[in-house]
Amino acid sequence: MSDNHRQPIPTNRTLGPCKTPVPDEEQRLAATVAAHPMLDSVGALASLLAQLPPELPLWLDEHVRWDPNERLKQQLLTVTPRIVGVASAVETEDASTEPGLELGTVHIPFDSTPDVQAAVAVRRDLLPSDPYASAEDRLERGDVPGALGDLATLLQDIAALLSDITGGVERGSTDAESLRVEASTIGQAAARIAQLAKTDQEDRG
């Protein structure tokens, strides 16, 4: 589901149409899901679903999420559930949201206790691991330097892939030379954008 149609369920909002559960029901759903921070087996998922209304909307987070500050540490993936606000299929001025179950995939620290891993899994501030999606997310949060850094990473990845492709093209051919030049140009653009990100961050203090 697109991030534009999901948001954490607030607990103090004004209720919309009758299809939206009352606050007590929202709290119950949130508490039920909170008791299952990580789903590491089919049985764990089945146990959670058995405690939720069968008509509850189900979504998948389109992004794998992580804390980029922890990228150098050994991590593993886990599935985590969360209750989010699902926008009405027909967007109108008085459109409301209803609670839905979203299943997401997140990176958690490998060499940590279950409590620490669970605490990471349920964090709401984790960024998409894809650099383009992360850049969009950071821009929405007003983090321009971070977005520029993500875009620099994306361009570096593209330049590296082009270089790999060049190795599969006939050496000395016009195509190989063109690819080499494009990879170099994109790599240089990545370096300039990375420097802009650093300068912007320094200017902001």
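1. Let me start with Arg124, which counts as partly exposed at 46% relative accessibility. Partly exposed is the band between the buried limit of under 20% and the exposed limit of over 50%, so a value of 46% puts Arg124 in that band. You will find Arg124 in the loop between helix 3 and strand 5 (127-128). Arg65 is 59 residues away from Arg124 in sequence, yet their C-alpha atoms are 9.8 Å apart in space. Please keep in mind throughout that this is a predicted model.

2. Now for the overall layout. The chain has 6 helices and 5 strands, and from the N terminus on the elements run β-α-α-β-β-β-α-β-α-α-α. Of the 205 residues in the chain, 33% are buried. Taking the contacts with a separation of 6 or more, 65% are between residues 24 or more positions apart.

3. Which residues make up the largest nonpolar core? There are 10 residues in all: Leu29, Val33, Leu39, Ala44, Leu48, Leu52, Leu56, Ile83, Leu101 and Leu103. At least two residues of this core come from each of helix 1 (23-34), helix 2 (42-49) and strand 4 (97-109). Another core, of 5 residues, lies apart from it and includes Val106, Ile108, Ala121 and Leu126.

4. Setting aside residues up to four places away in sequence, Leu101 touches Val33, Leu49, Leu52, Leu56, Pro57, Leu58, Trp59, Pro81, Arg82 and Ile83.

5. Pro81, one of the residues touched by Leu101, lies in strand 3. Is Pro81 buried or exposed? Its relative accessible area is 6%, so Pro81 is buried. Not counting residues up to four places away in sequence, Pro81 touches Val33, His36, Pro37, Leu39, Leu48, Leu101, Glu102 and Leu103. Pro81 and Leu45 are 36 residues apart along the chain, and 9.1 Å separates their C-alpha atoms.

6. Helix 3 (residues 114-121) deserves a look of its own. Its buried residues are Gln117, Ala118, Val120 and Ala121. They sit on the same side of helix 3, because the arc they cover around the axis is only 160 degrees. Strand 3 (75-87) and strand 4 are among the elements that cover these buried residues.

7. Met38 itself is in the loop between helix 1 and helix 2, and its relative accessible area of 23% makes it partly exposed. Leaving out residues up to four places away in sequence, Met38 touches Thr78, Val79, Ile108, Pro114, Gln117, Ala118 and Ala121. Of these, Gln117, Ala118 and Ala121 are among the buried residues of helix 3. Met38 and Leu77 are 39 residues apart along the chain, with their C-alpha atoms separated by 10.0 Å.

8. Next, the largest pocket, which has a volume of about 320 Å³. Which residues lie nearest its centre? Of the 16 residues that line the pocket, these are Pro68, Arg71, Arg138, Asp150 and Thr153. Helix 4 (131-140) and helix 5 each supply at least two residues of the lining, and helix 5 gives the most, with 6 residues. By class, the lining has 5 nonpolar, 6 polar and 5 charged residues.

9. Asp150 is one of the lining residues nearest the centre of the largest pocket, and its place is in helix 5 (residues 144-166). With a relative accessible area of 12%, Asp150 is buried. Apart from neighbours within four places in sequence, Asp150 is in contact with Pro131, Ser134, Ala135 and Arg138. Arg138 is also listed among the residues nearest the pocket centre.

10. Ser134 is buried, with a relative accessible area of 3%. Beyond its neighbours within four places in sequence, Ser134 is in contact with Leu127, Pro128 and Asp150. Ser134 and Gly149 are 15 residues apart in sequence and 9.8 Å apart in space, C-alpha to C-alpha.

Key
Residues are numbered from 1 along each chain as its sequence is written. This is a predicted model: local features need pLDDT of at least 70, side-chain atom pairs count only at pLDDT 80 or more; totals for chains, interfaces and linings use all residues. Side-chain values use heavy atoms; hydrogens and water are left out. Helices (H or I, at least four residues) and strands (E, at least two) are DSSP runs, numbered from the N terminus. Buried means under 20% relative accessible area, exposed over 50%, partly exposed in between (1.4 Å probe, protein chains only). Contact means heavy atoms within 4.5 Å. A nonpolar core is a set of buried Ala, Val, Leu, Ile, Met, Phe, Trp, Tyr and Cys residues joined through side-chain atoms within 4.5 Å. The arc is that of the directions from the helix axis to the C-beta atoms. On a 1 Å grid over the protein atoms alone, a cavity is a set of points where a 1.4 Å probe fits but cannot get out, and a pocket is an open set with protein on both sides within 12 Å along at least five of seven lines; lining residues have an atom within 4 Å of a point. Grid points are joined across faces, edges and corners, and a volume is the space filled by probe spheres set on the points. Ala, Val, Leu, Ile, Met, Phe, Trp, Tyr, Cys and Pro count as nonpolar, Asp, Glu, Lys and Arg as charged, and the others, Gly among them, as polar.
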